[in-house]
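Student: I would like a close look at one part of this protein, taken slowly and with the confidence of the model kept in view. Could you take me through the sheet and then whatever around it can be described with care?

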Amino acid sequence: MKAPALHFSLPRARVAGEPEGLKGGEPKIFQAATISHANLANKVVTGPYFSSDIPMLPFLRVENLETRYGDYVVMRDISFGLKHGEILLIIGGSGCGKSTLLKYLIGLIPSDPGHIFYQGIDFTLASAIQYEQISRQFGTLFQNGALWSSMTIAENVALPLKKHTSLSPDAIADLVSLKLALVGLESCQNLYPSEISGGMRKLAGLARAMILDPSILFFDEPSAGLDPISARHLDELILNINQSFGATIVIITHDLESIFTINGRVIFLDAETKSILADGPAKELRDHSDKEKIRKFLSFHSD
Ligand SMILES: Nc1ncnc2c1ncn2[C@@H]1O[C@H](COP(=O)(O)OP(=O)(O)O)[C@@H](O)[C@H]1O
Ligand SMILES: [Mg+2]
């Protein structure tokens, strides 16, 4: 199943590779998947993406992004692409800048300098309305699950529906039950976060991240704080979500078990050089990377 194309009215945002004369100007309805290849600048679309009869933009494209807190630069000149339905693992040592990059990808920190495109739309130049339209396609599971302790599991999961839709309470209750069943928590609807285990809180966070049927899911250290069985269960669930719903997935992790269970493409962030040191399939990098640091990082795992 393909992720749906985004339809936006675009008064301001730049389209990747758009000819100079088309920038700005009148609002226009834009459907990313129908843009011709002639419009795609090579420098913009360089990542791997579906070979298909229909020209497709990568789902996500990051261009020359600098991540920082004030004057403190965390990473420089970050560029990568991500195709529809792909799983990307962002890996690297503790404190190298993985969670910081995630904050930029979901718009919690404005990008400057650098650009982030979703289906060809420049997220970094988006108006408030465009920001809402693009970010509505996101589902995010933060490291601690980030549930409200004073709300039941069902109320927590229902929050995005209440915020972003005008569905009736009955319809919301049905959707919440459906998503909780998907993660195996249907019997926990009326419990509070403190009444369930850490692993179950993560699953509830996942149900909430999925509630608006996102096109892209972001996970920050999904296995952190979980026992090995719960961690592998969550990894399997993430894979199932990718395969069943075609969701594009970005996972931040330094957990080697997760990296090799999910076995997707990885990009390795390196604190020393403040750059992406490697980009490729996890096992291939472990066995064949020309950089010792990468082979070492990935070799403490045995399968
Ligand atoms: N809010 C913040 N303000 C200033 N520095 C921060 C902040 N959050 C993280 N950092 C610093 O940025 C660097 C990257 O942090 P982070 O992205 O959390 O790393 P990781 O997720 O890879 O462990 C670290 O040196 C960290 O101390
Ligand atoms: Mg982190």
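Tutor: In this predicted model, six strands make up an open sheet whose order is 8-9-10-5-11-12, with mixed pairing. Strand 8 (138-141) and strand 12 (275-281) are the edge strands, and because each has a single partner strand, one side of each is left without a neighbour in the sheet. Direction ignored, neighbouring strands of this sheet are turned by 15° against each other on average. As background, strands of a sheet pair through backbone hydrogen bonds, and the pairing may be parallel or antiparallel.

Within the sheet, strand 9 (residues 216-220) and strand 10 (residues 248-252) run parallel and are joined by five bridges, and Ile-216 has Thr-248 of strand 10 standing opposite. Helix 6 (residues 228-245) lies across strand 5, strand 9 and strand 10, and the direction of helix 6 is at about 160° to that of strand 10.

The protein chain has an average pLDDT of 82, and 80% of the residues score at least 70. Strand 5 (residues 87-91), a member of the sheet, has the highest confidence, at 97, whereas strand 2 (residues 29-31) has the lowest, at a mean of 30. Over residues 1-55 the pLDDT is below 50, although this stretch has 98 contacts in the model beyond near neighbours in sequence. Where pLDDT is low, predicted coordinates should not be read in detail.

Turning to the helices, helix 3 (residues 153-164) has as its buried residues Ile-153, Ala-154, Asn-156, Val-157, Ala-158 and Leu-161, and helix 4 (169-182) and helix 5 are among the elements that cover them. Ala-204 lies in helix 5 (residues 198-210) and counts as buried because 27 C-beta neighbours fall inside 10 Å, where 20 or more are needed. The C-alpha atoms of Ala-204 and Asn-156 are separated by 8.2 Å, although the two residues are 48 residues apart along the chain.

Finally, there is the surrounding of ligand 1, which is formed by Tyr-69, Tyr-72, Val-74, Gly-92, Ser-94, Gly-95, Cys-96, Gly-97, Lys-98, Ser-99 and Thr-100. Strand 4 (72-82) and helix 1 (98-105) are the elements that give two or more residues to this shell, and helix 1 supplies the largest share, three residues.

Notes: Residues numbered from 1 in each chain as written. Chains lettered and ligands numbered in written order. Predicted model: local features only at pLDDT ≥ 70, side-chain atom pairs only at ≥ 80, totals over all residues. Near = placed C-beta within 6 Å. Helix = DSSP H or I, 4+ residues; strand = E, 2+ residues; numbered from the N terminus. Buried ≥ 20, exposed ≤ 12 C-beta atoms within 10 Å, placed from the backbone. Contact = placed C-beta atoms within 7 Å. pLDDT = per-residue confidence, 0-100. Pairing = 2+ DSSP bridges. Axes fitted to C-alpha atoms, helices over the stretch in contact; angles between N-to-C directions.
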